[in-house]
Amino acid sequence: TPAPTFTPSPAASRITVEEGDVGLYDVCRRHCFEKWPGRTVSPELDMYARQVAQLNGLAWGNRGPRITPGQELEMPACP
């Protein structure tokens, strides 16, 4: 099955990875805080995080892509 493709919407924005962000799921939760307030990784959060990784050219490993504090990421509009 081919990987899904994602085209960012005009509402895309940038976010800076903060010291407390353990992984991309944390960044996505912070960006869409009303959408995913808890710690559970829903299928929708996983799909969004993979879109963020693809948009930023980040390889998805078994623990998600490696991110570092201070790194800027292009974020698509919240689903």
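**Disulfide and aromatic pairs**

Cys-32 and Cys-78 are joined by a disulfide, with 2.1 Å from S to S. The model here is a predicted one, and the structure holds 1 disulfide. The link between Cys-32 and Cys-78 is left-handed, with -100° about the S-S bond. Cys-32 sits in the loop between α1 (24-31) and α2 (43-55), while Cys-78 sits in the segment after β2 (72-75), so the pair ties together parts 46 residues apart in sequence. Cys-28, for its part, is in no disulfide: the nearest cysteine sulfur belongs to Cys-32 and is 6.8 Å away. Cys-28 is also buried, with a relative accessible area of 0%.

Turning to the rings, the structure holds 2 aromatic pairs. Tyr-25 and Trp-60 have ring centres 6.0 Å apart and planes at 70°, so this pair is edge-to-face. With Tyr-25 in helix α1 and Trp-60 in the loop between α2 and β2, the pair ties together parts that are 35 residues apart in sequence. Tyr-25 is partly exposed, at a relative accessible area of 23%, and Trp-60 is partly exposed too, at 27%.

Trp-36 and Tyr-48 make up an aromatic pair that is tilted, with 5.5 Å from centre to centre and 40° between the planes. This pair also links distant parts of the chain, with Trp-36 in the loop between α1 and α2 and Tyr-48 in helix α2, 12 residues apart. Both Trp-36 and Tyr-48 are buried.

Technical notes
Residues are numbered from 1 along each chain as its sequence is written. This is a predicted model: local features need pLDDT of at least 70, side-chain atom pairs count only at pLDDT 80 or more; totals for chains, interfaces and linings use all residues. Side-chain values use heavy atoms; hydrogens and water are left out. A disulfide is a pair of cysteine sulfur atoms within 2.5 Å. Helices (H or I, at least four residues) and strands (E, at least two) are DSSP runs, numbered from the N terminus. Buried means under 20% relative accessible area, exposed over 50%, partly exposed in between (1.4 Å probe, protein chains only). Rings of Phe, Tyr and Trp (its six-membered ring) pair if their centres lie within 6.5 Å; planes under 30 degrees apart count as stacked, over 60 as edge-to-face and the rest as tilted.
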